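Subject: Structure handover and findings

Hello,

Here is the structure for you to open alongside this note. My findings follow below it.

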Amino acid sequence: MSEVIRILHVLGNTQLGGAESRIMDLYRHMDRNRIQFDFLVHTNEKGHFDDEIEKLGGRIYRVPRFRLYNYFSYKRALKNFFDLHHDFEAVQGHITSTAAVYLPIAKKAGVPITIAHARSAGVDKGAKGKLTRWMRRNLSKKADYLFTCSRLAGISVFGEQAVKEGRTIFIPNAIDCQAFAYDEKKREDMREKLGIRDNYVIGHVGRFHYAKNHEYLLHVFASLCNDMKLNGNLTNDKGAYDIKPEGEKKRNYVLLLLGEGSGMEDAKRLAKQLGIAERVHFLGNQNPVYDYYQAMDYFVYPSRYEGLPGTIVEAQASGLRCLMSDSICEEVAATELVHRMSIEKDAGEWAAYIENTADYVRGSYAREMQEAGFDVSAQTEKMTAFYETGEWK
């Protein structure tokens, strides 16, 4: 038997995040007699996926988190690491803020292939975001391959010129589509378990972070629950929406929020201020997550920026109607279930759209998402061929 090829994935951590989940989906489907994943993370804390990684045969290495003041010690730590560990066929960097630092070091140490993988189309606000953009300024010239989950992510991380010149490779965030296929029995069981059997359930899955825009989501939900000031002239490409007559009984809405993060406490405070706290369920991280999609009726995602949100892929595979911000890439809208709106609009307009498109017959769209290229099994075959040959075909 030939020697197993090892690929090093560079991440901030191995918690339950979007990029981490997509890598783990791929890892689980890999023939690990041929390809093995190892992980270099920027934390000493144990991550959500650590035990599973080690069970699958992966190794986890650790370096200090980058801070501007530790630039030189950060470089030194990476040089020391790659001097000792360069038996990888490729290093795939998903934390692109410092990829221009660690990828050249890996290459110089003897790693044959370096990959920068763009997974976000924006940066944090303030000084941190400005520093990230500055650190990425020459990244397109410091990696052998430029992977991106969407055109917008490619432009944000590698620059418009690299995208125009065709130097980026589009790799959609793929999932196990059949795991999310709509299942009426699972739906009934989950709604019973969560105590929401008689409610109309708005859902959201994402970490509590500036990018996800939870405050706008909560205002949309408050508009649904309270006396909505809905815009009777609200239109889309199919014409005006009919607003329910005043006094007509509205749905008994609840909101499920899955995820954790530094912004959770702020979101809880805002829910109380808006008078909707009893209707909002903060469920934290859940794994596996697919049964929670079954319990939902509508998926709402008003992000300020994204790469290509796997959550929208998952929601579509589950047959959920989705309303997302128009700042999110068009590539993710693979079915007619998705509608895009501006977060510059009043939250009541989002509420009006939800209220007036809430009645639909739900079914499974797993096959449609597979055919649209979002299935992890097909992506596994393609990535295996790339890792083994070093050539993208």
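Helices (H or I, at least four residues) and strands (E, at least two) are DSSP runs, numbered from the N terminus. This is a predicted model, where local features need pLDDT of at least 70, side-chain atom pairs count only at pLDDT 80 or more, and totals for chains, interfaces and linings use all residues. Residues are numbered from 1 along each chain as its sequence is written, and side-chain values use heavy atoms, with hydrogens and water left out.

**Loops**

Start with Ser342. Ser342 sits in the loop between S15 and helix H13 (347-356). Ser342 is buried, at 16% relative accessible area. Here buried means under 20% relative accessible area, exposed means over 50%, and partly exposed is in between (1.4 Å probe, protein chains only). The C-alpha atoms of Ser342 and Asp326 are 5.3 Å apart, and the two residues are separated by 16 residues along the chain.

Next, Phe88. Its place is the loop between helix H3 (71-84) and strand S4 (90-93). Phe88 has 2% relative accessibility, so it counts as buried.

Two backbone points deserve a look. Most residues other than glycine have a negative phi, and most peptide bonds are trans. Asn213 has a positive phi, near 65 degrees. Asn213 belongs to the loop between S8 and H9, and it is buried at 4% relative accessibility. The peptide bond from Asn287 to Pro288 is cis, with omega near 5 degrees. Pro288 is in the loop between strand S12 (280-284) and helix H11 (290-295).

**Salt bridges**

Side chains of opposite charge can pair when their charged atoms come close. The rule used here asks for a side-chain nitrogen of Lys or Arg within 4 Å of a carboxyl oxygen of Asp or Glu. How many salt bridges does this rule give? The count is 28.

Glu306 and Lys212 form one, with the closest N and O atoms 2.7 Å apart. Glu306 lies in the loop between strand S13 (298-301) and helix H12 (310-317), and Lys212 in the loop between strand S8 (200-205) and helix H9 (214-225), so the pair ties together parts 94 residues apart in sequence. Are these two residues buried or exposed? Both Glu306 and Lys212 are buried.

Arg340 pairs with Glu330 at 3.7 Å, N to O. This pair links distant parts of the chain, ten residues apart: Arg340 is in strand S15 (residues 338-341), and Glu330 is in the loop between strand S14 (321-325) and S15. Arg340 is partly exposed at 28% relative accessibility, whereas Glu330 is exposed at 58%. There is also a network: salt bridges that share partners join Arg22, Asp25, Arg28, Glu52 and Glu314.

Arg197 and Glu192 make another salt bridge, at 3.2 Å, N to O. Arg197 is exposed at 55% relative accessibility. Glu192 is partly exposed at 47%.

In H5, the residues Gly129, Thr132 and Met135 are buried. Down the axis of H5, its buried residues fall within an arc of 125 degrees, so they line one face of the helix. The arc is that of the directions from the helix axis to the C-beta atoms. The face of H5 turned away from this buried side carries the exposed residues Ala127, Lys130 and Trp134.

Helix H14 (residues 366-374) has Ala366, Met369 and Phe374 as its buried residues. Here the arc is 55 degrees seen down the axis, so these residues line one face of H14. Exposed Arg367 and Glu371 are on the face turned away from the buried side.

**A charged patch**

Lys75, Lys108, Arg137 and Lys142 form a positive surface patch. Patch residues have over 30% relative accessible area and no salt bridge; like charges are joined within 9 Å, and nonpolar side chains (Val, Leu, Ile, Met, Phe, Trp, Tyr) within 5 Å. Lys and Arg count as positive and Asp and Glu as negative, with His and the chain ends not counted. The place of a charge is NZ of Lys, CZ of Arg, CG of Asp or CD of Glu. Accessible areas come from the Shrake-Rupley method with a 1.4 Å probe, and for residues only the protein chains shown count as cover. Arg137 is in the loop between helix H5 (127-135) and strand S6 (145-148), and it is partly exposed, at 47% relative accessible area.

Best wishes
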